[in-house]
Amino acid sequence: MRIFFIFVCAAIFNLNAQTKPWQGKFEPIDNLIAPPNTYRTASGAPGKAYWQQRADYKIKATLNEKNNTLTGEEVITYYNNSPDDLSYLWIQLDQNVNKKENEDFGDINNNVKDNITTRKMQFLTRAIDFPAGYSIKYVKDSSGNNLKTLVNNTMMKLKLNKVLNSGESVTFSISWSYHITDRSMYSLSREGYEYYPEDDNSVYLIAHWFPRMAVYNDSEGWQNQQFQKLGEFALEFGNYDVEITVPDDHIVASTGKLQNEEAVLNKTQRKRFELAKKSFDKPVLIITKEEAEANEKTKSNKQKTWKYTANNVRDFAFASSRKFIWDAQAVKLPTNTVMAMSFYPKEGLPVWQEESTKAVMHALEVYSEATFDYPYPVAISVNTSNIGMEFPMISFNGGRATNGKISDRAKAGMIGTIIHEVGHNWFPMIVSSDERKWMWMDEGLNTFLHQRTVAERYPDFNSVTPKSIVPFMSGDKNILRPIMTTSDNELMSQFGANFYLKPTVGLQMLRNSIIGKELFDEAFKEYANRWKYKHPNPSDLFRTLEDATATDLDWFYRGWFFTTDNVDMELSNVKWFTVYEENANIEDQKQTSKIKIKASEKTAEANAKDFSNGPEVINMTSTPDANYGQFLSRLDEPEIRKQLSGKNIYEITIKNKGGLVMPVTIEWTYTDGTKEIDRLPAQIWRRNEYKVQKTFVKSKEVSEVNLDPNFEFADTNIENNSFPKLDTKSEFDSFKDKKKGN
Ligand SMILES: [Zn+2]
């Protein structure tokens, strides 16, 4: 037994020896992710002791159009559901990122060129200064006593007069104001105003606007990382009661449910809104172009207050202008009827009226089916000059026609943006991951469903596939970062590919090629439902996808999320054999064999480059009794010979050049023109991470072999995926070409 054991070990060792060090590509990723605990289970679900804080807001804000300021008073009730007693709280002051002294955090544009636009020069030098950031008038407790605060850039520390014990709540108020930024003056402007000189009006996009509670949780303590623009949000859930005072002739689009329709909408608008609630097939115009144009001229000095409530949201945003055209329709989901609405200035016509609300509807339907029904009463798309930006129930989306015309590409971009930003309601507005830390968690998951929506509802548009990530993954390894890089440490030129596309393609590969659609969709839905209105971490996603599918994905997470390796499989050799047949003409077979060996001796590696040499003959000998060990039974040798007789045996050698282990898809093309696909799981790379060999028996004769024929795995170099090798033709040809000087 012992001798036999040693023999087997030695054999395996020899067969699978790899020439480079073992990297443990299939080892568990336990050492790379946070260990499970009572808050977050090993299955990826929230644990029995899971808790999260809550913050309710009552806000009264006034928009002053004359000097472009926003002034507000807010009352925050903060619930300490943690097991910890807190002596101070951290509050986010996002507007402070626009202060000149804080700009270097973003470090966004940093080079002066010989030729540079005035706008870029403004970004770099702030030639026109701007009084950005908050003025905090006071912070008081519920009895009106001042509370001590300390501001560190975009974070304010609030020292409590009395320790906030576990299970208690505290109420305090903040009075603040800030100058609304001109969106054209900043790069990465997610909010601010856009001025329209032609009619002397602005569209105000108000977000990141009120001081908000930072997250306190089991994995970070206080998530008080500075706002540096790329890492957007980490926010707590709560209920909002918001009063927005704007010029009398403005129209407001906002997070939440409007509470005082009678006071802010005229009779015609209310009547049309009632019609829209019953219109499921197309939008109803609540404010027409002509009415919006008439509004543009009134310039009222009076004010009006719009009142909203929003429950169980993690943020609140609104838009205000007298330029808005407004359309709306109802969307029926299994458990909720939602008003899909769009607000746009006439500059957005005609494409916004034709496409915006329709895109909102498509997003609501596809995302709800893939995760859970959209739970809120409204889903709004507001037109802006550029960028798309998401908030609960409302998003600001770029894309406009020029002189009434828009290219197909720009239109697809606009529709894609609307779908994407509406989609953010799920990730991260409800499945509330920490975007300040992990941008990929919401951008990646959201882009995955956004691309699915585009593929399903707009099949004529281009959508992302594994091929889309190839240019990024074959890029310079000195600048590439793994997906598991914190948001603000990524390069501006790279974050789109690394945080949006690469996780999207990863999820597409898991769904379409590794786990399978049905199981994957179940697991994805499981993750969304487990973590809705909660704060998941990457480990919770990784664990849930394994837990709900019985698929070990650690090898995939390790490679795709934690390294910058790429997929490059090389089909380095295909050997063609036939088996020696006992009753056939032995001399003939031996003759073929000899010729074969002689032919291959010409090349150093004895690797054939095509099938022109014909098959080699395998001399299959009888198994000696000793090889059976203690087995008394014997294999039916004539039957084995019979089964393999006349068949083509192909031994293929695949090398892993890119570093990522992946399943292998092999396409066989036969001499009769038919094709067949064989699939091997990623686990074939367990024994040797750099090279695998696999033998196949085929009745038909093969003329061509291709790896990953349908581009399922983002192979960065498909030139080395074929046999006969693509360069076989070229050897002679390139010699000729060289002579010709080409
Ligand atoms: Zn996004």
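Guide: Gladly! Let us begin with strand 1 (residues 54-64), which pairs with strand 13 in the parallel sense over 6 bridges. Pairing here requires that DSSP finds at least two bridges between two strands. Strands are DSSP runs of E with at least two residues, helices are runs of H or I with at least four residues, and both are numbered from the N terminus. Before going further, please keep in mind that this is a predicted model, in which local features need pLDDT of at least 70, side-chain atom pairs count only at pLDDT 80 or more, and totals for chains, interfaces and linings use all residues. Residues are numbered from 1 along each chain as its sequence is written, and side-chain values use heavy atoms, with hydrogens and water left out.

In general, strands of a sheet pair through backbone hydrogen bonds, either parallel or antiparallel. Buried means under 20% relative accessible area, exposed over 50%, and partly exposed in between, with a 1.4 Å probe and protein chains only.

For another example of pairing, turn to an open sheet of 4 strands, with order 25-24-26-29 and mixed pairing. Strand 25 (616-618) and strand 29 (691-698) are at the edges with a single partner strand each, so one side of each has no neighbour in the sheet. On average, neighbouring strands of this sheet are turned by 35° against each other, direction ignored; the axes are lines fitted to C-alpha atoms, for helices over the stretch in contact, and angles run from 0 to 180 degrees between N-to-C directions. Strand 24 (residues 569-579) pairs with strand 25 in the parallel sense over 3 bridges, and Val579 stands opposite Ile618 of strand 25.

Now for the wider setting. The protein has 17 helices and 31 strands, and its C-alpha trace spans about 105 × 60 × 55 Å along the principal axes. Of its 742 residues, 53% count as buried. Among contacts (heavy atoms within 4.5 Å) with a separation of 6 or more, 76% are between residues 24 or more positions apart.
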